[in-house]
Amino acid sequence: MKMHYKRKLDFKGFKENREENIWSLFWYGRIYFNKKKSKFFIEAYFVLLNTDNYYLSSIDKSRIEKLELPFSKSILFPLCSQFDSKGKFIKMSNAYDDKGNLAKNGLYEFESISLNNNNFRISNLETIFSNTLFPNINENGASIYENASYFILEKNMYRYVIPIDVMLKYFFGYSSLLLYFLISNRLKGCVFKKSFDKDTQKGKLFYDSKQISRFDVKAIAKYYFTKNDYAEKMFSGIGAYFEAVRLNQHLQQKSFIKFKIPFDFTCDFKVVGQYITPFNSDKKIVLVNQILDITSEEDFFLTKGEIDIIDINSSQVNENNEKDSENGNNNGNSRPIKDPNVKGDDSKDEMPLDQNNNDEIVNNPVILRNTFNFSPKINPLVLQKDEEGNDTYYKDKRPEDHPDFPDYSGDKKNRKINNLTKNEWAEIIEKVQLYLINEYKYQVNRLSKRENELLTNTIIFELVFNDLKYYIVESGSGNYFPLFANHRREDIIEYSVINEIIKIINDKYKRSWSVLSRKQSLKSIENFSKIKFLEENDIVFLRNNTHQIMGEGENDSIEQTVKNLANKIHKKILKDLEGII
């Protein structure tokens with residue numbers, strides 16, 4: 001799980017915002033491109049709840065606030081998300097509580113909602129919402145729902161309305177980078193070609209790991225094998241439209257995204273929704289805020305077998321690309337990819353791509369919502385030569401948790417992160433300890449034994465400052481260093497306990513420490529609660545230290561990085577001391 005982005009919004013501009021207030025995200029509006037920030041943003045609307053239950057009759061319609069969020073980050077905040085007064089995400093409103101009982105909060109499950117793309121609409125939503133319990137908002141003399149995209153089904157005395165954001169996040173909401181690729185029209189630079197064998201009904205998809213991670217390709221590979229390329233054409237159309245908005249400086253318009261069902265046949269949906277009309281109404285309108293499941297009498301995908309996803313950056317393909325380049329050829333697998341972080345003559349048209357900042361929803365310990373996870377089996381492969389020189393596909397043995405982006409050498413110990421290998425980052429964390437000793441008079445104890453560190457890829461330090469003890473770990477996560485302490489700061493955390501925590505991080509969270517960032521109680525997390533040490537103790541995590549290289553030259557970069565990271569750690573400890581004195 002990767003969750004580098006804080007699940008918190010800035011509510012400082014909300015009027016008369018009291019500490020006890022609970023806000024609900026009830027609507028996503030239009031999308032626009034901010035030229036200055038080089039990002040797409042989406043309008044998000046919030047309403048004040050009188051209680052933490054999502055009864056529409058209990059909301060305060062006079063208390064509506066609006067924020068504009070980076071579009072790709074909206075993946076973290078589904079409709080009906082609840083926030084405290086400071087903008088911290090609390091939960092998503094659900095029909096059932098944690099024990100599986102009906103929550104009695106105005107949300108209900110509905111089944112057999114049969115829809116196809118003939119149910120798609122782009123007008124009249126403001127009329128449907130008028131004279132209902134749903135907030136009626138006007139901006140600049142027009143309804144915020146005017147020209148919004150949505151799905152609608154009329155069935156007996158019921159009318160079911162599904163906002164496009166709900167469809168988008170169900171079918172495509174696997175990670176923030178995927179939303180970014182969709183709206184920036186960069187999917188075409190990520191996936192190069194495909195093939196389909198009608199006899200075996202297996203598919204092959206070639207992708208560029210310098211542009212897109214294996215995780216994201218596995219999530220969307222299935223959509224490249226739909227009847228008549230239906231899903232692929234829809235994604236391309238969405239990307240082309242918003243790319244035109246981005247590149248046209250005179251077209252500063254805001255638009256709703258027109259995302260449809262990625263299949264050209266009828267599907268039955270199981271959903272969670274709320275009545276936006278009083279119970280005694282002759283005509284009942286249900287607004288859907290979550291899709292739970294989908295079925296169909298037709299096959300979703302052409303492939304009855306498996307899909308092989310093949311990284312075009314495997315050694316043999318790279319050799320072919322070099323030969324093609326020498327011969328002046330430019331085929332589908334060898335066209336050059338412009339690095340969006342390298343400025344060129346047309347850099348003003350490029351959106352910066354932060355591949356290491358990707359919020360993944362699948363397998364996230366914080367269950368946000370369901371996604372469409374039905375798929376043929378996906379096989380990650382690389383193309384190489386066998387001992388006889390023949391082209392052969394091999395299983396991609398690179399670890400699943402590495403980001404799949406450039407500078408990966410095939411050896412996990414030497415994978416480059418921000419242009420430094422893991423071993424170089426280990427050297428940096430060692431020098432950081434010396435800096436803390438010399439500059440701030442820390443006492444530093446190396447808990448891990450040097451002879452074991454090469455085998456375990458783990459270094460553990462105890463930092464003592466003002467007689468209080470803190471711990472920092474380098475465990476193969478590159479530039480990601482967790483900082484933590486006993487909840488009684490003067491007490492130690494035993495070396496064996498730290499190793500237990502590291503083992504759980506490696507086994508349960510694919511080496512990602514982000515799940516523990518700023519956690520005030522380790523024992524409150526189920527996967528850690530069985531650690532014996534936590535029966536009478538607890539562990540507090542300060543915000544994790546993720547760091548970039550600094551400076552220009554190689555030596556200069558390392559020295560500046562050491563100084564900058566050491567100062568970051570010291571400031572975090574000083575801030576922690578303020579809170580406990």
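Which strands do the buried residues of H9 pack against? Select strand E22 (459–465), strand E23 (468–474), strand E25 (483–486) and strand E26 (539–541): those are the partners, with contact meaning heavy atoms within 4.5 Å. Helices (H or I, at least four residues) and strands (E, at least two) are DSSP runs, numbered from the N terminus. One note before moving on: this is a predicted model, where local features need pLDDT of at least 70, side-chain atom pairs count only at pLDDT 80 or more, and totals for chains, interfaces and linings use all residues. Residues are numbered from 1 along each chain as its sequence is written, and side-chain values use heavy atoms, leaving out hydrogens and water.

Now pick out Val497, Ile498, Ile501, Ile502, Ile504 and Ile505, the buried residues of H9 (buried is under 20% relative accessible area, with a 1.4 Å probe and protein chains only). They cover an arc of only 160° around the axis, so they sit on the same side of H9; the arc is taken from the directions from the helix axis to the C-beta atoms. Just past H9, click Lys510, which has a positive phi of about 50°.

Next, rings. The structure has 53 aromatic pairs (Phe, Tyr or Trp rings, the six-membered one for Trp, with centres within 6.5 Å; planes under 30 degrees apart are stacked, over 60 edge-to-face, the rest tilted). Show Phe26 and Phe134: their ring centres are 5.6 Å apart and their planes at 80°, so the pair is edge-to-face. Phe26 is in strand E1 (residues 22–34), and Phe134 is 108 residues apart from it, in the loop between helix H1 (125–129) and strand E8 (138–139). Both are buried.

Key
Buried means under 20% relative accessible area, exposed over 50%, partly exposed in between (1.4 Å probe, protein chains only).
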